[in-house]
Amino acid sequence: RRYSHQIDAITVPQFFSKRWGDERNLLSAIAAVVIMIFFVPYLASGFSACGKLFASLFGINYVSAMLISAAVIVIYTVMGGFLAASFTDLVQSIIMTVALVVVLGFGVAQAGGMEAVMDNARSLAGYLSLVNIHDPATGGSAPYSLLTICSLLAWGLGYFGMPHILLRFMAIEEEKKLALSRRVATTWVVISMGVAVFIGVVGNGMTKAGAMEQLSDAETIIVQIANLISCYGVPAALLAGVILAGILAATMSTADSQLLAASSSVSQNLAVEFFHLKISGKKSVLVARSTMVVISLIAAFLARDPDSSVFRVVSFAWAGFGAAFGPVVLFALFWKRSNKWGALAGMVTGGVMVFVWKYLVAPMGGALAIYELLPAFLCACVAIVMVSLLTPAPEQSILEAFECFKSKQKQK
């Protein structure tokens with residue numbers, strides 16, 4: 001946030017160009033293309049999740065449910081822009097919190113109490129182990145391989161490159177709110193992810209207690225628990241509706257941020273900065289809104305398959321952003337000697353390696369089957385360092401801007 005405000009950057013691609021003095025805005029253009037490529041499947045996973053929710057809830061056709069959900073998200077984002085997305089994110093986060101708490105409490109009660117839940121978890125071989133993993137098919141356990149451990153830990157690298165997350169921090173109104181924002185964000189992530197994981201543990205307990213059948217699709221567990229709650233009268237049914245709204249809120253709060261980041265990249269970074277189109281404020285808004293609609297149509301087309309896994313699609317998009325942007329962001333903030341050519345090489349290498357590793361290398365199996373984010377991230381880091389050192393150092397004005405940023409950091 002501090003660096004972006006110092007160089008007057010309002011989007012992630014613009015930050016890259018201004019950080020390294022890229023007057024041709026090549027960095028900004030490539031970053032915008034990366035955003036377009038990886039946000040489409042990411043958005044498709046959100047549409048798919050909404051479609052599955054309404055299809056299982058109302059028994060309607062999946063494609064129709066998915067298209068209606070997509071239309072709602074696009075309409076309020078197009079009409080309201082960043083302010084609407086930010087306000088709805090606040091409301092949605094409250095709904096998600098209520099939903100998680102209610103689902104957890106009801107699930108524990110149905111499973112026979114917390115002690116019963118934990119007893120069941122302990123009875124499953126390797127379920128609570130940090131070195132073994134439970135195998136539902138055999139009922140036994142298998143040791144966590146180094147490959148599995150590295151793949152799971154690699155997910156954390158993705159946060160460094162998520163443009164819709166970075167954009168939220170760049171848009172913090174006042175610098176004095178940075179510390180509070182950091183604490184709120186970290187606390188929310190720890191609590192929400194912890195509760196979400198524990199709901200899976202509770203779901204196993206409910207199945208063992210006979211309160212719920214074994215699910216063929218684990219991604220629908222919260223929907224199934226909500227259905228059970230709705231059987232306890234009108235007030236409970238209303239509460240179940242809040243829970244289902246929480247699932248929808250989680251998806252919508254991510255989807256609207258993705259649409260905003262993608263539209264701003266096209267209207268600002270590609271149209272204005274790279275192609276140098278002189279468009280007025282109204283035309284810029286029109287371009288952004290048109291971009292939202294086009295991206296949404298493509299995403300809806302990709303989400304048409306009801307059997308697609310939301311998790312697998314998200315994991316690929318997460319890897320793409322993490323590998324393409326993550327190393328560039330880190331080197332932009334912490335290495336003065338990095339230059340625009342190194343950043344460009346790292347961005348392209350990271351994005352390309354995600355595809356190469358996913359579809360060409362990982363299928364070979366063995367140690368090569370590691371989550372594509374880790375090798376792509378490392379390759380991008382190597383590319384940034386090597387190309388930066390093999391090309392001329394940044395101009396003096398860029399170095400001075402970096403030193404100014406670092407000095408302000410030390411004063412905080």
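Axes are lines fitted to C-alpha atoms, for helices over the stretch in contact, and the angle between two axes is taken between N-to-C directions, from 0 to 180 degrees. The structure described here is a predicted model.

On this basis, helix H9 (residues 221-229) and H10 cross at roughly 165°, and their axes come within 8 Å. Because an angle over 145 degrees counts as roughly antiparallel, H9 is roughly antiparallel to H10. The crossing of this pair, H9 and H10, is left-handed.

Helix H10, which spans residues 234-274, also packs against helix H3, which spans residues 26-58. The axes of H3 and H10 lie 8 Å apart, and the angle between them is about 155°. This angle, too, is over 145 degrees, and H3 and H10 are therefore roughly antiparallel to each other. Their crossing is left-handed. In the contact of H3 with H10, 23 residues are nonpolar, seven are polar and one is charged.

Helix H3 has a further partner in helix H13. The axes of H3 and H13 come within 10 Å and cross at roughly 15°. Since angles under 35 degrees count as roughly parallel, H3 and H13 are roughly parallel to each other. The crossing of H3 and H13 is left-handed.

Helices H3 and H13 also contribute to a feature of the surface. A nonpolar patch is formed there by Val33, Ile37, Phe355, Tyr359 and Leu360. Together these residues have about 490 Å² of accessible area. The elements that give two or more residues to the patch are H3 and helix H13 (340-361). H13 supplies the largest share, three residues. Val33, one of the patch residues, is found in helix H3.

Asp8 is not a glycine, yet has a positive phi of about 60°. This residue, Asp8, is found in the loop between helix H1 (2-6) and helix H2 (12-19). In the loop between H2 and H3 lies Asn25. Phi of Asn25 is likewise positive, near 60°, in a residue other than glycine.

Salt bridges were counted with a cut-off of 4 Å between a side-chain nitrogen of Lys or Arg and a carboxyl oxygen of Asp or Glu. By this rule the count comes to two salt bridges. One of them links Arg122 with Asp119, and the closest N and O atoms of this pair are 2.7 Å apart. Both Arg122 and Asp119 lie in helix H5 (residues 114-123). The two residues are three positions apart in H5, which is about one turn of the helix.

Methods:
Residues numbered from 1 in each chain as written. Predicted model: local features only at pLDDT ≥ 70, side-chain atom pairs only at ≥ 80, totals over all residues. Heavy atoms only, no water. Helix = DSSP H or I, 4+ residues; strand = E, 2+ residues; numbered from the N terminus. Parallel < 35°, antiparallel > 145°, perpendicular 65-115°, else oblique. Left-handed = near helix turned anticlockwise from the far one by under 90°. Nonpolar A, V, L, I, M, F, W, Y, C, P; charged D, E, K, R; others polar. Patch = residues over 30% accessible without salt bridge, like charges linked within 9 Å, V, L, I, M, F, W, Y side chains within 5 Å. Areas by Shrake-Rupley, 256 points an atom, 1.4 Å probe, with all protein chains shown as cover.
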